[in-house]
Amino acid sequence: MSNETAPHTLTLPQSLSIRNAQAVREQLLSGLSENSSVIIDIPEGADADLSFIQVVEASRRHAQTYGKSIALKNPAGGRVLETLRRGGFLTDMDAATCQFWFHRKEIQ
């Protein structure tokens, strides 16, 4: 049953690494299959690696393909921001991606 009125909030674990990438992926896909919009709540101080960024980016594309949306509850910070930087995601970031990760149109 699809919930068209309120977005589904998905609260993620503190560790966002390759060890739980499959579980995070499944949670995101499940949220998208049952809702038109998913809000990702990343815990403050979460430990994220590149696999997390890749899962989120793939999920964003999947959502867009099916006319659904994913958003972050709060702008990326801490280790998530560090991982974006180390992974080269901040280079040539388009406005939509910047809006997704940082809740603004351009990186400051």
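Ser-36 is located in the loop between helix H1 (21–34) and strand S3 (37–41), where helices (H or I, at least four residues) and strands (E, at least two) are DSSP runs numbered from the N terminus. The model is predicted, so that local features need pLDDT of at least 70 and side-chain atom pairs count only at pLDDT 80 or more, whereas totals for chains, interfaces and linings use all residues. Residues are numbered from 1 along each chain as its sequence is written, and side-chain values use heavy atoms, with hydrogens and water left out.

With a relative accessibility of 19%, Ser-36 counts as buried; buried denotes under 20% relative accessible area, exposed over 50%, and partly exposed the range in between (1.4 Å probe, protein chains only). The C-alpha atom of Ser-36 is separated by 4.9 Å from that of Lys-68, 32 residues apart along the chain.

An open sheet of three strands shows the order S1-S3-S5 with parallel pairing, two strands being paired if DSSP finds at least two bridges between them. Strand S1 (8–11) and strand S5 (69–72) form the edges, each pairing on one side only. From one strand to the next the twist averages 25°, with axes fitted as lines to C-alpha atoms (for helices over the stretch in contact) and angles running from 0 to 180 degrees between N-to-C directions. The parallel pairing of S3 and S5 extends over four bridges, and Ile-40 has Leu-72 in S5 as its bridge partner.

One aromatic pair is counted, under the rule that rings of Phe, Tyr and Trp (its six-membered ring) pair if their centres lie within 6.5 Å, with planes under 30 degrees apart taken as stacked, over 60 as edge-to-face and the rest as tilted. The ring centres of Phe-100 and Trp-101 lie 5.0 Å apart and the planes stand at 85°, so the pair is edge-to-face. Phe-100 is buried at a relative accessible area of 6%, and Trp-101 is buried at 0%. Arg-60 sits over the face of Phe-100, 4.5 Å from the ring centre; the criterion requires NZ of Lys or CZ of Arg within 6 Å of the ring centre and within 35 degrees of the ring normal.

Overall, the protein contains four helices and five strands, following the pattern β-β-α-β-β-α-β-α-α along the sequence. Of its 108 residues, 40% count as buried. Among contacts (heavy atoms within 4.5 Å) between residues at least 6 apart in sequence, 76% join residues at least 24 apart.
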